[in-house]
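Trainee: I have a chain open on the screen and would like to go through it with you. Could we start with the charged side chains and then move on to the strands?

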Amino acid sequence: MSADHAADHGQIIPPGGTIGILGGGQLGRMAAMAAARLGYRCHIYCPDEGAPASDVAAATTVAAYDDLHALERFARAVDVVTFEFENVPAEATEKLAALKPTRPAPRVLHLTQQRLREKNFLTAINVPTTRYLEVAHKEALPQAVQALGRPCVLKSASFGYDGKGQVRIDPETDLGSVWKAMGSELAILEAFVDFQREISVVIARGVDGAMELYVPVENQHRHHILDTTIAPARISAATAQKAEAIARHIAQEIKLVGLLGVEMFVTKAGDVLVNELAPRPHNSGHWTIDACLTSQFEQFIRAVCGLPLGSPERHSDAVMKNLLGDDVSHWKQILSEPGAKLHLYGKAEARSGRKMGHVTRLSPKTN
Ligand code: AMP
């Protein structure tokens, strides 16, 4: 059994129960929609009024992630706690986990909140990653750059997502200015991977240890933000098997209960290196809503509530494109396209680079 906190005995939360979700973004919104279809209510906890997930949830608590009193009231109002946003203070997750089953466990969040911790964990369980070094202060940077060679990438150790807090160091880059640009106390320096493709695997693991995973997909980024996901990835069967085996190994070793997105690089030599883990529904899994028997959001709800996992079988191939900022103004055109499925997140303001929705274009399954 994977439970490791007082309140979690691996219990099942049957339909009719209330799922508490920390975070109010589009991931929470799509999870709440999947939960409703299975007869659950969702209670969102987030710091902002009018969050995308609140529109489709039974209740919302608007409070800061470190408001321990509000967190306690929230925990008492729900049957199980999960996350769509993982940068919640460790103290807060411990508080929640002492009161209600919290899935994934705080330990998983703690590991994945910080890049160094995450990479050290991956190394300890023999999962290949790019070469990396800890850089604890500005003065240590030149030596680390020398050790890994240029180009390399300096990333803030904490709270990194969508490429924020990272700077590429090229042969001509002045090291004096990159530390400031990265903007953090503690950093990780990574060798630059001249990858052939970026891929990801979304895997679910239930309270009983059963696992189901979606076919590896290919991700194309623009300005460090996911732009397009191609399902399935255009990789060999051997590479796909390697990626799937890595995802299974991580899910098992981390004792996951819930969903995990595993982002990987495929090198030109065909090696698979893990870049990052996200213990929640993943943007590269949105295509599953329209192209698989069980979407990643339904799978997430099933795993978190202790239900049997669903079949991740793909009935169509798919290309998912994020609608960022003004892209969303093309909604009418997309709606009139055959084979295109439009998903909008109900966000009022189309700021540049903001994830406003996505479109999944389906085609007949090839293999
Ligand atoms: P991350 O925030 O670590 O997910 O990085 C965002 C994106 O930056 C990745 O999806 C890659 O496209 C690129 N990237 C990050 N780290 C590296 C690296 N070590 N080598 C090459 N590209 C990288």
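**Salt bridges, strands and surface**

Mentor: Let us begin with R103, which is buried, with a relative accessible area of 1%; please keep in mind that this is a predicted model.

Trainee: What does the side chain of R103 meet in a salt bridge?

Mentor: The partner is D8, and the N to O distance between the two side chains is 2.8 Å. Because R103 sits in the loop between α3 (90-99) and α4 (106-112) while D8 belongs to the segment before β1 (18-22), the pair ties together parts that are 95 residues apart in sequence.

Trainee: And D8, is that buried or exposed?

Mentor: D8 is buried, since its relative accessible area is 10% and the cut-off for buried is under 20%.

Trainee: How many salt bridges does the count come to?

Mentor: The count comes to 19 salt bridges, and one of the pairs is E190 with K119, where N and O are 2.7 Å apart. E190 lies in strand β8 and K119 in helix α5 (residues 115-124), so this pair ties together parts that are 71 residues apart in sequence. Both E190 and K119 are buried.

Trainee: Which residue forms a salt bridge with E337?

Mentor: That is R361, and the closest N and O atoms of the two are 2.6 Å apart. R361 is part of strand β17 (residues 355-364) and E337 of the loop between α11 and β16 (340-344), so the parts tied together here are 24 residues apart in sequence. As for cover, R361 counts as partly exposed at 30% relative accessibility, and E337 likewise counts as partly exposed, at 29%.

Trainee: Which residues are linked in a network of salt bridges?

Mentor: R37, E298 and R302 are linked in such a network.

Trainee: Okay, strands now. What is the order of the open sheet of four strands?

Mentor: The order is β5-β8-β6-β7, and the pairing is antiparallel. β5 (132-135) and β7 (166-169) each have a single partner strand and stand at the edges, so one side of each is left without a neighbour in the sheet. On average, and with direction ignored, neighbouring strands of this sheet are turned by 20 degrees against each other.

Trainee: How many bridges join β5 to β8?

Mentor: Four bridges join β5 to β8 (residues 187-191), and in this pair V135 stands opposite A187.

Trainee: Switching to β14, how many of its residues are buried?

Mentor: Strand β14 (residues 272-278) is mostly covered, with seven of its seven residues buried. Six bridges join β14 to strand β13 (residues 258-267), and the two run antiparallel, with G261 standing opposite A278 in β14.

Trainee: Which residue in the hairpin of β13 and β14 takes a positive phi?

Mentor: G270 does, with a phi near 90 degrees, in a hairpin that has four residues between the strands.

Trainee: What about the surface, which residues form a nonpolar patch there?

Mentor: W331, L335 and L344 form that patch, and together they have about 300 Å² of accessible area. L335 is found in helix α11 (residues 331-335) and counts as exposed, because its relative accessibility is 55%.

Trainee: Last one, what domains does the assignment give?

Mentor: The assignment gives domain 1 (3-102), domain 2 (131-191) and domain 3 (195-364). The centres of domain 1 and domain 2, taken over C-alpha atoms, are separated by 35 Å.

Conventions:
Residues are numbered from 1 along each chain as its sequence is written. This is a predicted model: local features need pLDDT of at least 70, side-chain atom pairs count only at pLDDT 80 or more; totals for chains, interfaces and linings use all residues. Side-chain values use heavy atoms; hydrogens and water are left out. Two strands pair if DSSP finds at least two bridges between them. Axes are lines fitted to C-alpha atoms, for helices over the stretch in contact, and angles run from 0 to 180 degrees between N-to-C directions. Patches are made of residues with over 30% relative accessible area and no salt bridge: like charges are joined within 9 Å, nonpolar side chains (Val, Leu, Ile, Met, Phe, Trp, Tyr) within 5 Å. Accessible areas come from the Shrake-Rupley method with a 1.4 Å probe; for residues, only the protein chains shown count as cover. A salt bridge is a side-chain nitrogen of Lys or Arg within 4 Å of a carboxyl oxygen of Asp or Glu. Buried means under 20% relative accessible area, exposed over 50%, partly exposed in between (1.4 Å probe, protein chains only). Domain bounds come from an automatic or database domain assignment.
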